[in-house]
Amino acid sequence: AVIQCLTALPTAFLIDVLPLYRASKRLSSSGAMILGKTGAERAEMANAAVISADKLFPAGSVTLHQMQALSANNLEDTIVRAASLTECLGSTLAPIFKTIAGTGNITALPDSDTVKYEDRMGISGWVDNRLLFIGNRTLLETHGIPVPSLELDRKILRQGFFPVYVATQNRACALIVIQYNVKPEIAKELRKLTDSGVNLLISSCDPNLTEEMICDYFGLYNDSVKVMSAAGRHLHRNMTAASKTVSAPAVCGKGSVGIASVLNCASRIKQSNLLLTVAYIIAAILGTVIFAYSSFGGSGTLLGGG
């Protein structure tokens, strides 16, 4: 009985603290943390997570394969405007346009106004009193802007790339051909998260990022991903407006898919606590049985005399 009492406290300590310690050690590298056992229990209850597209494909993951001028225009000026427009919405295409614009020694981007994402088509907005469109061929066709033959898009897609059109003043100005590269560590986190039953809501203004594309690139189930509509993104943005103080079960860093790491750790904490608790109960029962046997079995000791 004395031994059981002595071992109960350290065992209870391991049940509560060890899983949290391991999770904190893992999350600290990405600037995230879970606020105790209560925080882990609350986070583990989540059944959906909103992840922005720039977390799926951080800077450097989307690369430029080719750029082609489609009409006689000041291409450098157009690219600078495109950089401003995509930067305004935090698009995954912003780093590409900013990199291209940087080659012209541009020190500041012009202001964008009335910027909006048109569902599954692309971005439109005013930049220095000039209306600009960035997206797929459907976006340009919707606004009455002539585009190259559909066969050009098909050829690009067959090669594993994606076409993005830039248009202004009622004409297509440039076609950029881009490639998306998946980081293995991000795909691993997302697969773990969806395997635990959490659905992914993707906040994106990149028309190339469809549910089918994301599931294919990251190896996810088709029913585990939903790309949010423009209305959904607006609603989510209003609900998560910046606040000086907030009560939260966990904190996510600015690294890629930090929310996925937190939810995965919260799930592991719950599983570890459950396993340790079950092991503790079994050990306590066995200890009680052995104690009762040694006490009332007649020998008074665990091992009988020879």
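D153 is buried, with a relative accessibility of 7%; buried means under 20% relative accessible area, exposed over 50%, and partly exposed in between (1.4 Å probe, protein chains only). The model is predicted: local features need pLDDT of at least 70, side-chain atom pairs count only at pLDDT 80 or more, and totals for chains, interfaces and linings use all residues. Residues are numbered from 1 along each chain as its sequence is written, and side-chain values use heavy atoms, with hydrogens and water left out.

**Exercise 1.** Find the closest N–O distance in the salt bridge between R137 and D153, and state which helices the two residues lie in.

Solution.
1. A salt bridge is a side-chain nitrogen of Lys or Arg within 4 Å of a carboxyl oxygen of Asp or Glu.
2. For R137 and D153 the closest N and O atoms are 3.4 Å apart.
3. R137 lies in helix 6 and D153 in helix 7 (residues 150–158), so the pair ties together parts 16 residues apart in sequence. Helices are DSSP runs of H or I, at least four residues, and strands are runs of E, at least two, numbered from the N terminus.

**Exercise 2.** Is R137 buried or exposed?

Solution.
1. The relative accessible area of R137 is 11%.
2. R137 is therefore buried.

**Exercise 3.** Describe the salt bridge between K226 and E211.

Solution.
1. The closest N and O atoms of K226 and E211 are 3.9 Å apart.
2. K226 is in strand 10 (residues 225–227) and E211 in helix 9 (residues 211–218), 15 residues apart.
3. K226 is partly exposed at 46% relative accessibility, while E211 is buried at 11%.
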